[in-house]
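Trainee: I have just opened this one and would like to walk through it with you. Could we take it piece by piece?

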Amino acid sequence: MLVKQISVFLENKSGRLAEVTKLLGENDIQILALSIADTTDFGILRLIVNKPDIALEVLKENGYTVSGTEVIGISVEDKPGGLSRVLEILFKYDVSIEYMYAFVGKITDEALVILKVDRPEFAIKVLRENNIKILDPKDVYTM
Amino acid sequence: MKYWNEPVECADRERLNQIKTMRLIDTVKRVYFNVPHYRNKMQDYGLVPEDIKSLDDLKKLPFTTKQDLRDTYPYGLFATPLSEIVRIHASSGTTGKQTVVGYTRNDLTIWSEVMARTLIAAGADKHSFIQVAYGYGLFTGGLGVHYGAERIGASVIPISVGNTKRQVQLMVDFGTTLIACTPSYALYLAETIDELGIDKSELKLKSGVFGAEPWSENMRKEIELKLNLKAHDIYGLSEIIGPGVSFECEYQEGLHINEDHFIPEIINPETGEVLPEGSIGELVFTTVTKEGLPLIRYRTRDITSLNYEKCKCGRTLVRMNKVMGRTDDMIIVRGVNVFPTQIESVLLEIGDTSPHYQLIVDRVNNLDVLEVLVEVSENLFSDEVKKLEDLDRKITKAIEDTLGISVKVRLVEPKTIERSEGKAKRVIDKRKY
């Protein structure tokens with residue numbers, strides 16, 4: 001039930017992000033969600049795309065340092081307190097979040113959130129027990 | 001075959017010294033009478049050839065520097081008529097105007113002899129397939145190894161440098177057993193082998209002779225692991241003869257100097273004083289058999305030390321330690337001597353880093369700053385900022401512990417540091433003096 005995220009190492013130089021997105025576009029890969037973590041010198045670009053394995057290959061072939069990371073996709077009620085409920089559950093079960101970002105899905109009116117946690121299998125279990133909707137990777141890639 | 005020329009390579013010290021003394025006396029006479037530059041210099045020092053009677057008298061003679069070669073460009077230091085010269089080579093000119101060296105027929109024979117010793121010590125024989133991936137042409141690397149390889153009767157693959165994918169393909173097709181190139185190019189070849197998805201078991205490589213730039217013990221481990229061979233350091237410089245001045249045997253504990261042809265000394269680079277056995281300093285050579293361009297006390301600018309102990313391999317030829325760096329490549333950062341090879345060792349110890357790195361020295365507010373660019377390999381990469389920052393800190397700390405000065409490490413994307421097919425450019429000095 002884990003979604004494959006593509007992580008790319010990028011130096012903080014202008015035009016780098018444009019190059020990556022251009023390359024993906026040329027290979028008919030659609031970006032569904034994106035987040036950048038940056039420091040002064042470098043950044044990590046995290047992408048959810050419709051064809052993660054092809055994207056990995058294309059980026060590698062073009063000399064980027066990339067890795068595929070497994071993350072959890074969930075959908076939360078798009079109303080005040082929706083996300084807070086999820087975070088409380090994770091906190092209660094002592095699951096720590098390495099990073100997260102939200103994005104908008106086309107097919108639902110719910111907010112979609114990507115989570116990278118330290119214990120992914122356990123996190124999925126407790127979220128499920130608490131009726132949080134976990135996104136099926138298949139649904140994510142076809143969004 | 002263990003030695004190419006056992007009587008010399010394993011001669012006792014007394015015998016070696018006899019040979020060297022005889023040849024030194026002869027060389028001094030030849031340069032005095034044939035090269036005005038040397039005659040004038042010796043006269044300035046109040047010396048006549050008869051003053052040089054023993055090896056100990058060597059230190060009385062004036063030094064020769066690269067500048068002398070430039071000042072007498074092109075043929076001013078040649079000691080034979082130009083009609084006797086059968087080959088001309090030139091230095092790359094990386095540190096200024098190029099310098100020219102010339103060889104008589106006999107000089108080429110000597111060169112083949114010392115390279116034959118080198119290749120035999122690296123485990124080659126007449127059954128070997130030797131791929132020469134040093135540049136051919138004015139640079140001495142390619143032809144130097146080539147002639148030595150032919151001398152021992154090996155099959156030579158004279159591919160020269162570049163065209164890396166083809167190099168790899170021929171390595172597989174022709175069954176190369178020994179590769180000769182710069183150590184940085186060896187790693188580039190290894191990278192290419194991986195990229196092409198070639199299984200290392202398809203390679204027949206047994207050993208390599210790598211020279212033309214200083215490299216560390218850790219880089220040796222990396223090359224040996226990645227190319228699955230035994231990596232031998234070789235040393236030479238065109239002014240002295242080219243590759244083959246010294247070589248490593250199977251014990252890899254220093255490079256045996258062919259001292260029956262090239263007499264080494266270690267001096268203090270600042271004062272010129274000869275240093276006692278075992279000291280670290282600048283390596284100086286006097287060629288004692290060369291006819292075309294004999295050089296007296298030529299300052300190599302390479303920093304190393306000498307070891308006269310008999311080697312486990314049985315050779316008695318003096319050993320020089322791996323070159324630590326060059327007096328002109330050594331960078332002084334806030335008063336501390338820094339050699340690129342020190343950084344390389346640290347990076348290799350941290351692991352997984354192909355040693356693609358570069359040092360940038362600059363001066364900010366009158367203070368030297370040293371920035372170390374390190375390419376992030378796939379193995380080092382993490383999708384978490386925290387982990388990459390930890391890596392940065394770990395490298396920074398390890399370098400600072402080694403050098404004793406603060407540095408700034410910058411992680412950069414792979415393949416952003418320029419690849420070199422010859423000598424790697426490790427240092428960029430932006431300081432304005």
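Trainee: Which residues of helix α1 of chain A are buried?

Mentor: Keeping in mind that this is a predicted model, the buried residues of α1(A), which spans residues 16–26, are Arg16(A), Val20(A), Leu23(A) and Leu24(A). Because they cover an arc of only 95 degrees around the axis, they lie on the same side of α1(A).

Trainee: And which exposed residues sit on the face turned away from that buried side?

Mentor: That face of α1(A) carries Lys22(A) and Glu26(A), both of them exposed.

Trainee: What follows the helix α1(A)?

Mentor: α1(A) is followed by Asp28(A), and the phi of Asp28(A) is positive, near 60 degrees.

Trainee: How does β4(A) pair with β1(A)?

Mentor: The two strands pair in the antiparallel sense over 6 bridges, and within that pairing Ser7(A) has Ser67(A) of β4(A) as its bridge partner.

Trainee: How many bridges join β4(A) to β6(A)?

Mentor: There are 5 bridges between β4(A) and β6(A), the strand at residues 111–117, and these two strands also run antiparallel. As an example from that pairing, Ile72(A) has Leu115(A) in β6(A) as its bridge partner.

Trainee: What about β7(A), how many bridges join that strand to β4(A)?

Mentor: Strand β7(A), at residues 133–134, is joined to β4(A) by 2 bridges, again with the strands running antiparallel, and here Ser75(A) stands opposite Lys133(A) in β7(A).

Trainee: Okay, new topic, chain B. How many helices and strands does chain B have?

Mentor: Chain B has 11 helices and 21 strands, and of its 433 residues, 59% count as buried.

Trainee: What share of the contacts in chain B join residues at least 24 apart?

Mentor: If you take the contacts between residues at least 6 apart in sequence, 65% of them join residues at least 24 apart.

Notes:
Residues numbered from 1 in each chain as written. Chains lettered and ligands numbered in written order. Predicted model: local features only at pLDDT ≥ 70, side-chain atom pairs only at ≥ 80, totals over all residues. Heavy atoms only, no water. Buried < 20%, exposed > 50% of the residue type's maximum accessible area, 1.4 Å probe, protein only. Helix = DSSP H or I, 4+ residues; strand = E, 2+ residues; numbered from the N terminus. Arc of directions from axis to C-beta. Contact = heavy atoms within 4.5 Å. Pairing = 2+ DSSP bridges.
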